[in-house]
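Trainee: Could you take one part of this model and go through it closely with me? I'd like a single connected walk-through, cut-offs included.

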Amino acid sequence: MGILGLSKLIADLVPQAIKENEMKNYFGRKIAVDASMCLYQFLIAVRSEGAQLTSVDGETTSHLMGTFYRTIRLIDNGIKPVYVFDGKPPQMKSGELSKRAERREEAQKALDKATEAGDAADVEKFNRRLVKVTKQHAEDCKTLLKLMGIPYVEAPCEAEAQCAALVKAGKVFGTATEDMDALTFGTNVLLRHMTFSEARKMPIQEFYYDKVIEGLGLTRNEFIDLCILLGCDYTDSIRGIGPKRAIELIKQHKCIEEILKNIDTKKYTPPADWNYEGARQLFVEPEVADPETIELKWNDPDEEGLVKYLCGDKQFSEERVRNGAKKLAKARGVTTQGRLDGFFKVLSTTPAKRKAEPKKATPNKRAKTGAGRGRPK
């Protein structure tokens with residue numbers, strides 16, 4: 001889910017914090033990719049086109065197809081992706097996960113009715129709601145990425161938090177995800193739409209964390225409390241408080257504790273046993289692996305290994321797989337050149353102050369000899 005309404009709030013109040021860019025302009029950049037978000041996109045996209053791609057025994061392969069071809073596109077544009085996979089969800093997320101399970105049950109019942117009625121539009125709609133990324137999907141993609149020579153990281157907890165840690169440590173340039181909570185975790189740069197298909201022709205949106213909090217006039221902790229008020233994965237929010245009211249309250253009272261003291265809780269009802277402190281702590285100090293212990297290494301693809309893994313039972317075209325492997329190998333040789341801005345130090349635009357030079361002494365017009373006081377010796 002991410003943070004409800006945050007992207008629109010930023011676009012409305014701090015448009016200068018958002019920049020649109022093209023894929024080709026990230027040449028040489030290392031990007032942390034939210035793997036679960038990507039897999040969900042691939043499963044949704046293929047299902048919406050009619051049916052999932054499957055192996056001969058009926059196992060879904062849509063996620064493999066999406067990961068293979070979308071990664072090739074990134075590499076082909078000179079980007080060096082590192083995929084970050086979710087670990088165990090925090091205990092506080094159990095409520096949100098339960099709600100998702102309930103929504104899937106409701107969607108399944110609605111799908112059955114739509115199928116029986118022959119309503120194609122509803123069948124597609126409820127099919128999309130039933131998509132779920134499983135542990136097996138993730139394991140399949142880890143195997144694929146290893147064969148492609150692409151590094152991946154297994155986060156101990158939330159992938160977005162681990163991505164943010166990699167960005168803040170300078171290991172990568174930005175976080176590619178659709179979930180805005182990557183900003184709440186403090187990623188310096190958030191990249192939306194980077195893993196969208198080329199056919200959608202959507203520019204990549206860059207959100208800059210420093211410009212967001214500066215433009216909103218908030219501290220880091222105030223921004224985190226704002227995100228909790230908007231609605232996050234860890235707890236419900238106060239009923240009746242929308243995005244604009246939330247930013248007004250945070251600016252006026254600075255934190256949720258003071259807001260609760262100053263609002264009419266009968267009109268604006270907080271959730272029962274509202275554990276906003278726990279949600280805040282998860283954003284302030286998330287469970288992540290130390291970025292300094294993580295080595296990111298891009299290797300040459302294993303063409304024969306890819307053919308063995310993707311062709312045959314998984315029914316990928318051998319010709320396409322081999323062509324993809326060759327593209328990976330070729331692009332890898334090009335991206336090792338790196339970006340020009342990696343070779344040059346960015347200098348300040350403010351001219352440096354020159355040291356004051358000693359004034360030349362004015363010759364003494366009265367002096368009659370070369371050793372006169374007014375001439376330099």
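Mentor: Let's start with a helix pair: the axes of α10 and α11 come within 9 Å of each other and cross at roughly 150 degrees. Those axes are lines fitted to C-alpha atoms, for helices over the stretch in contact, with angles running from 0 to 180 degrees between N-to-C directions. Helices here are DSSP runs of H or I with at least four residues, strands are E runs of at least two, and both are numbered from the N terminus. The crossing of α10 and α11 is right-handed, a crossing being right-handed if the near helix is turned clockwise from the far one by less than a right angle, and left-handed if anticlockwise.

Before going further, this is a predicted model: local features need pLDDT of at least 70 and side-chain atom pairs count only at pLDDT 80 or more, while totals for chains, interfaces and linings use all residues. Residues are numbered from 1 along each chain as its sequence is written, and side-chain values use heavy atoms, with hydrogens and water left out.

Now the residues that meet. From α10 you have Glu222, Asp225, Leu226, Leu229 and Leu230, and they meet Pro243, Ala246, Ile247 and Ile250 in α11; contact means heavy atoms within 4.5 Å. By class, that contact has seven nonpolar, no polar and two charged residues. For the classes, Ala, Val, Leu, Ile, Met, Phe, Trp, Tyr, Cys and Pro count as nonpolar, Asp, Glu, Lys and Arg as charged, and the others, Gly among them, as polar.

Stay with α11, which spans residues 243–253: Ala246, Ile247, Leu249, Ile250 and His253 are buried there. Buried is under 20% relative accessible area, exposed is over 50%, and partly exposed is in between (1.4 Å probe, protein chains only). An α-helix has 3.6 residues a turn, so residues three or four places apart point the same way. On the other side of α11, Lys244 and Gln252 are exposed. What covers the buried residues includes α1 (6–13), α9 (209–216), α10 (220–230) and α12 (256–262).

Tyr209 lies in α9 and, at 8% relative accessibility, counts as buried. Not counting residues up to four places away in sequence, Tyr209 touches Leu183, Gly186, Thr187, Asn188, Arg220 and Phe223. The C-alpha atoms of Tyr209 and Arg220 are 9.7 Å apart, with the two residues eleven apart along the chain. As for α10, its Asp225 is also among the contacts of Arg280, along with Ile224, Ile228, Ile256 and Glu257, leaving aside neighbours within four places in sequence. Arg280 is in helix α13 and counts as buried at 19% relative accessibility.

Back at the end of α11, what follows is Lys254, with a positive phi near 75 degrees. Most residues other than glycine have a negative phi. Lys254 lies in the loop between α11 and α12, and its 43% relative accessibility makes it partly exposed. Asp273 is another non-glycine residue with a positive phi, near 50 degrees. You'll find Asp273 in the loop between α12 and α13 (276–284), exposed with a relative accessible area of 79%.
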